[in-house]
Amino acid sequence: MLLFYLFALVAVVASLLVVAQRNPVYSVLLLIASFGALSGLYVLLDAPFVAVTQIIVYAGAIMVLFLFVVMLLNAPHEDTEEDIERLRTLTGSSARLTAGPMVFGAVLAAAFAVELLWALSRGPLSISPGSEAGASVAQIGRVLFTEYKFAFEVTSILILVAMLGAVVLAQRERGPSTRRAGDE
Amino acid sequence: MPTLEHYLILSAILFSIGTAGVFVRRNLITILLSIEIMLNAVNLTFVAFGHALGNVDGQIIVFFVMTVAAAEAAVGLAIVIALFRHRASLNPEAFTVLKW
Amino acid sequence: MAQIGLLFFVFFMLLNSAAVMVYVERKVAALLQQRVGPYLVGPQGMLQPLADIVKLIFKEELRPVAADKWLFYLAPIISATAAFSAFAVVPFGAETTFFGLLDRPVKLQVADVNVAVLVIFAIASMSVYGIVLAGWSSNSKYSLLGGLRSSAQMISYELSYGLSLASVLVLGNSLSVTDIVNGQSGTWLGFIPRWYIFLQPLGFLIYLTAAVAETNRAPFDFPEAEQELVAGYHTEYSSMSFALFFLAEYINMVTVSAVATDLFLGGWHGPLLPASWGWIWFLVKVGALLFFYVWMRWTLPRYRYDQLMAFGWKVLLPLAVVNLLVTSAGVLYFGL
């Protein structure tokens with residue numbers, strides 16, 4: 001129980017700081033910390049495979065991608081002088097248009113949390129556990145490749161398409177001036 | 001012992017934080033990070049219910065959600081790079097060309 | 001209680017192994033280059049690592065003014081922590097009582113999780129952060145270039161690393177390293193040991209190549225190329241932070257060699273010794289692999305960066321995929 005509260009506290013605090021932090025590099029690192037805490041929660045939920053996959057895929061690959069992009073773009077901090085200046089040159093006005101969406105977002109988030117707390121306060125959930133089949137990796141593999149094999153195949157095509165899309169979208173525009181001398 | 005309700009409340013809190021982040025922040029990368037927080041909250045819900053129901057389907061759906069999140073992060077970041085090349089700004093308010 | 005003692009023991013031995021590796025590297029390099037190497041400090045220069053450590057402790061700790069203070073000190077901590085943690089799930093012997101000194105046999109593994117292979121892989125992917133953060137936070141162009149190049153190289157070779165691990169998993173039928181090692185006990189025909197390297201020679205070579213690239217060593221150490229990048233991502237570090245990076249590199253080498261020994265070379269099984277003394281064989285095999293590492297570094301010329309990336313994506317990854325397919329087909333057909 002103590003472990004649950006520890007991990008939950010780390011996850012919530014880290015996520016809050018991700019949203020509140022100005023520096024994008026710190027945001028990415030805090031999100032990695034949050035993923036670590038969630039991975040611990042998955043271990044508490046008897047799901048070691050998901051826990052390790054979370055670290056490998058989310059914290060180890062997706063966040064590295066985010067970090068690369070932040071570093072390559074030299075992502076500016078938000079609300080700095082140059083950001084406001086740039087906005088003025090681009091859109092002709094520096095009027096802050098975001099008061100509305102900010103309030104809407106905050107109200108929506110609060111309403112959602114309140115609603116769930118109310119729903120849960122009405123009594124314990126009546127869920128009857130099914131057969132207690134061991135959640136071993138072998139079991140996961142068995143179910144994945146029999147019941148969900150179509151989704152598995154479609155997901156692999158999805159990743160292929162995403163990879164191609166990312167490469168094409170992030171390409172520099174090809175032109176005669178961008179060819180290096182000595183290209184074969 | 002943490003019950004199912006504990007995990008669901010935690011997941012709801014994380015989801016709300018992610019939602020607030022998407023609306024409040026004015027940096028494209030932080031918006032994408034908030035979307036990842038939301039996806040993780042949903043993953044936690046799936047695994048918690050899978051544990052409560054005693055079958056393995058929750059973990060399998062989490063596997064697919066992670067894959068889709070990876071694909072979406074890759075394409076989203078490629079779009080962010082392309083946008084940055086045009087306007088040199090990561091502020092979503094800078095991309096107002098299609099506004100009436 | 002025994003687990004905590006084992007934990008401290010493993011930690012202490014890893015530190016010692018890093019120190020020994022420093023000496024071995026310099027001595028072997030010297031012998032390969034037909035000179036003598038360290039010979040002043042202690043007999044045959046064996047106290048040289050001690051002198052190095054004392055020197056590093058007494059150096060001044062510098063930090064560039066424009067460097068990001070938190071990340072600058074966090075990066076070597078992440079590197080060293082990931083390096084040490086990966087060894088927590090690697091078994092280095094069967095249950096033993098250390099020649100009867102202990103009253104109860106203790107398993108020579110800090111944590112016996114049944115997804116150990118995935119944990120090793122997960123921690124290997126976390127060690128990328130130490131390098132990329134070191135490059136970024138130093139706020140200097142050599143560091144940033146070195147850091148980005150190194151992390152791109154590491155994540156590219158992680159794929160082949162994972163696929164070669166997957167081929168062993170197909171043979172071993174389990175994700176727990178202890179089970180895989182125990183599946184390699186015994187011999188065929190009485191004298192050929194049942195090591196997976198004989199069933200998976202290509203897999204072993206792919207694993208070694210990917211591991212050398214992962215640890216930024218030998219022909220793949222472009223990110224710290226002395227001639228091009230000053231010292232790459234650890235240019236701006238001095239004293240203990242630099243020592244932590246150094247330590248992390250050597251311990252990564254030891255961990256990767258230990259994993260290769262467990263998965264491909266039969267772990268602690270060997271002729272003439274009973275299983276409870278198997279850690280001796282384990283040390284011999286890991287030592288052989290580490291010698292091979294050092295030998296490669298001082299013999300082969302360095303890869304150019306685009307050659308390195310092309311090799312990783314266009315040669316090693318297809319080979320790893322083919323290896324996995326052939327292994328799976330073989331297991332299905334021969335019923336291994």
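In this predicted model, the contact between chain C and chain A involves 15 residues of chain C and 13 residues of chain A. On the chain C side, helices α4 (116-137) and α5 (141-172) each supply at least two residues, and α4(C) gives the most, with 9 residues. By class, the side of chain C that touches chain A comprises 13 nonpolar and 2 polar residues, with no charged residue among them.

Chain B also meets chain A, with 69 residues of chain B in contact with 77 residues of chain A. The elements of chain B that give two or more residues to this side are α1, α2 and α3, and α3(B) gives the most, with 23 residues. The side of chain B that touches chain A has 46 nonpolar, 16 polar and 7 charged residues.

| Helix pair | Axis separation | Crossing angle |
|---|---|---|
| α1(B) and α2(B) | within 8 Å | roughly 165° |
| α1(A) and α1(B) | 9 Å | about 10° |
| α3(A) and α2(B) | within 12 Å | roughly 175° |

Within chain B, helix α1 (residues 4-24) and helix α2 (residues 28-53) cross at roughly 165°, and these two helices are therefore roughly antiparallel to each other. The crossing in which α1(B) passes α2(B) is left-handed. Among the residues that make this contact are B:Leu4, B:Tyr7, B:Leu14 and B:Gly18 of α1(B), together with B:Ile31, B:Met38, B:Leu44 and B:Ala52 of α2(B). Its residues divide into 16 nonpolar and 8 polar, and none is charged.

The pairing of helix α1 (residues 2-20) of chain A with α1(B) has an angle of about 10°, which makes α1(A) roughly parallel to α1(B). From α1(A) the contributors include A:Phe4, A:Ala8, A:Ala11, A:Val12 and A:Ser15, while those from α1(B) include B:His6, B:Leu10, B:Ile13, B:Leu14 and B:Ile17. An α-helix has 3.6 residues a turn, so residues three or four places apart point the same way. By class, this contact holds 13 nonpolar and 3 polar residues, and no charged ones. B:Leu10, B:Leu14 and B:Ile17 are also listed in the contact of α1(B) with α2(B).

For helix α3 (residues 48-73) of chain A and α2(B), the crossing is at roughly 175°, which makes α3(A) roughly antiparallel to α2(B). Here the contact is made by A:Val50, A:Phe66, A:Val69 and A:Val70 of α3(A), and by B:Ile29, B:Leu33 and B:Val47 of α2(B); its residues are 7 nonpolar, no polar and no charged.

Helix α3 (residues 57-87) of chain B has 31 residues and reaches 44 Å from its first C-alpha to its last, close to the 45 Å expected at 1.5 Å a residue; B:Ala88, which follows α3(B), has a positive phi near 55°. In chain A, the 21 residues of helix α2 (residues 24-44) should span 30 Å at 1.5 Å a residue, and this agrees with the 31 Å between its end C-alpha atoms. Just after α2(A), A:Asp46 takes a positive phi of about 65°.

The domain assignment of chain A gives domain 1 (1-77) and domain 2 (136-172), and the centres of these domains of chain A, taken over C-alpha atoms, are separated by 22 Å.

How values were computed. Residues numbered from 1 in each chain as written. Chains lettered and ligands numbered in written order. Predicted model: local features only at pLDDT ≥ 70, side-chain atom pairs only at ≥ 80, totals over all residues. Contact = placed C-beta atoms within 7 Å. Helix = DSSP H or I, 4+ residues; strand = E, 2+ residues; numbered from the N terminus. Nonpolar A, V, L, I, M, F, W, Y, C, P; charged D, E, K, R; others polar. Axes fitted to C-alpha atoms, helices over the stretch in contact; angles between N-to-C directions. Parallel < 35°, antiparallel > 145°, perpendicular 65-115°, else oblique. Left-handed = near helix turned anticlockwise from the far one by under 90°. Domains from an automatic or database assignment. Expected span 1.5 Å × (residues − 1).
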